[in-house]
Amino acid sequence: MPLSFIDEIGGKDCIKRVHKILYDKLLSHPWLKGFFVGVERWVLEDQQTDFMADLFGQKPAGFCGRLPMRAHQHLYITEEVFMIRHNLLAESLTEAKIPDDYKERWLKHDLGMMAAIVKTSVDECEGRYRTEKVLVVPKPA
Ligand code: HEM
């Protein structure tokens, strides 16, 4: 049986290593940090890691959170915001010394999530539960 992508890159530990670097960047980014206020860092890192591990072919699947469309429906994430995160992920993969061909495949998986997460208008956002407010983070001047 051919190796799945997660086996090729070195398992979940490799994904964790990359996400640690990524969240250092996201949580200190002048604009993007505003999206994560009030959410515990370990939750973000663990959920992101479990989700990507499944996407990369982990068996048996381990992610038990909300799927991306539902998880982000209250967040006004534009293509610009998505691409800033995507580029920070690219930098994180380089810093983690992930070989170029794996880096390319990883980034392709990441771009595959775009349609589920990006909105073109704030009207497309909706709280995940009845009392939740939509979160719009204005771009800093
Ligand atoms: C490929 C892109 C992305 C993937 C795969 C992804 C994946 C995830 C996952 C799996 C969760 C946890 C879901 C749950 O169980 O509730 C999550 C939560 C979250 N994501 Fe993302 N995400 C992506 C892009 C983004 C972007 C661009 C932002 C905003 C800058 C963002 C902000 C958040 C926030 C704030 C949460 C926590 C929501 C909460 O629990 O209150 N994500 N993401």
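Modeller: Terms come before the tour. A pocket is found on a 1 Å grid over the protein atoms alone: it is an open set of points with protein on both sides within 12 Å along at least five of seven lines, and lining residues have an atom within 4 Å of a point. A molecule sits in a pocket if more than half of its atoms lie within 2 Å of its grid points.

Colleague: And where does the ligand sit?

Modeller: In the largest pocket. This is a predicted model: local features need pLDDT of at least 70, side-chain atom pairs count only at pLDDT 80 or more, and totals for chains, interfaces and linings use all residues. Residues are numbered from 1 along each chain as its sequence is written, and side-chain values use heavy atoms, with hydrogens and water left out.

Colleague: How much space lies in that largest pocket?

Modeller: About 890 Å³, where a volume is the space filled by probe spheres set on the points, joined across faces, edges and corners. The largest pocket is lined by 33 residues, and Phe 36, Leu 44, Ala 71, His 72 and Leu 75 are the closest to its centre.

Colleague: Which helix gives the most to the lining?

Modeller: H3, with six residues. Helices here are DSSP runs (H or I, at least four residues), numbered from the N terminus.

Colleague: What else surrounds the ligand?

Modeller: The shell has 22 residues, with Phe 35, Gln 47, Arg 66, His 72 and Arg 128 the closest. Near means a heavy atom within 4 Å. H3 supplies the largest share, four residues.

Colleague: Which side chain has an N or O atom 2.7 Å from a ligand oxygen?

Modeller: Gln 47. That is a polar contact, a pair of N or O atoms within 3.5 Å. Arg 66 uses a polar backbone atom, 2.9 Å from a ligand oxygen. A polar side-chain atom of His 72 is 2.8 Å from a ligand nitrogen.

Colleague: Switching to backbone. Which peptide bond is cis?

Modeller: Lys 59 to Pro 60, with omega near -5 degrees. Pro 60 is in the loop between H3 and H4.

Colleague: And what is phi of Lys 97?

Modeller: Near 60 degrees, a positive value in a residue other than glycine. Lys 97 is in the loop between H5 and helix H6 (100-111).

Technical notes. Polar contact = N/O pair within 3.5 Å; in protein donor to acceptor, adjacent residues only side chain to side chain. 1 Å grid on protein atoms, 1.4 Å probe; cavity = no way out; pocket = protein on both sides within 12 Å on 5 of 7 lines; lining within 4 Å. Helix = DSSP H or I, 4+ residues; strand = E, 2+ residues; numbered from the N terminus.
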